Amino acid sequence: RTQGQYDMMGDTAFMVSYLDGATLIRTDTVRTRIEINREVLVAAKPLPIGTILSSEDLQLTKKWLRRINPQTMTTVEEAIGKRLSTQVRAGSEISANLLKVVPLVKKGKPVKIMYSTALLQIVAIGIPEEDGANGAIIKVKNTSSNKIVYGRVVSDSAVEMNM
């Protein structure tokens, strides 16, 4: 059985053949459990629902695993700045399905629309048409021209346009 790069993890069986030269003497089935010791992300302390995670809330710990869950997180950076959708006890694993991206820009809240080149910088005021997390491309209505433009969220009050 294959799970990504970790072949034959979990409970499995091997066929062992005993030979005398080219003559088969006996075949046995050997059942075994194969695990790996891997770092996983856990809560450093009890965390209530809605907590926006920081490095102080998280730690890595080694854990024996029989299978790799695609939701398992293995670095602190993957979780920082995201919001917990449930409460978590100290030492409990934090997986991707427990986290929600926190939007920096909120629909309807004014932002600066910025466009820059080596020779020119233009700043206008806009109203986001949708929520957006850091780095997300969102629609913003320019209040001066009433045109819809697309920009990348760079802070809680700024969207950067690229042309």
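The legends below describe close-up views of a predicted model.

Residues are numbered from 1 along each chain as its sequence is written, and side-chain values use heavy atoms, with hydrogens and water left out. Local features need pLDDT of at least 70 and side-chain atom pairs count only at pLDDT 80 or more, while totals for chains, interfaces and linings use all residues.

**View 1. Confidence along the protein chain.** The chain has an average pLDDT (the predictor's confidence in each residue, from 0 to 100) of 90, and 94% of the residues score at least 70. Strand E1 (residues 2-3) has the lowest confidence, with a mean of 41, and strand E11 (residues 137-142) the highest, at 95. Strands (E) are DSSP runs of at least two residues, numbered from the N terminus.

**View 2. The largest nonpolar core and Leu-99.** A nonpolar core is a set of buried Ala, Val, Leu, Ile, Met, Phe, Trp, Tyr and Cys residues joined through side-chain atoms within 4.5 Å. Buried means under 20% relative accessible area, exposed over 50%, and partly exposed in between (1.4 Å probe, protein chains only). The largest core has 13 residues, and those with the most contacts inside it include Leu-53, Leu-84 and Leu-99. Beyond its neighbours within four places in sequence, Leu-99 is in contact (heavy atoms within 4.5 Å) with residues including Met-73, Ala-79, Lys-82 and Ile-94. A second, separate core of 10 residues includes Val-111, Ile-113, Ile-138 and Val-140.

**View 3. Ala-43 in strand E5 (residues 36-43).** Ala-43 has a relative accessible area of 1% and is therefore buried. Apart from neighbours within four places in sequence, Ala-43 is in contact with residues including Asp-57, Val-88, Gly-91 and Ile-94.

**View 4. The salt bridge between Lys-45 and Asp-57.** A salt bridge is a side-chain nitrogen of Lys or Arg within 4 Å of a carboxyl oxygen of Asp or Glu. Here the N to O distance is 3.3 Å. Both residues lie in the loop between E5 and E6, 12 residues apart. Lys-45 is partly exposed because its relative accessibility is 37%, whereas Asp-57 is buried at 7%.

**View 5. The salt bridge between Glu-35 and Arg-66.** The N to O distance is 3.4 Å. Glu-35 is in the loop between strand E4 (23-34) and E5, and Arg-66 is in the loop between strand E6 (58-65) and strand E7 (83-84), 31 residues apart. Glu-35 is partly exposed, with a relative accessible area of 32%, and Arg-66 is partly exposed at 42%.

Definitions and conventions: Helices (H or I, at least four residues) and strands (E, at least two) are DSSP runs, numbered from the N terminus.
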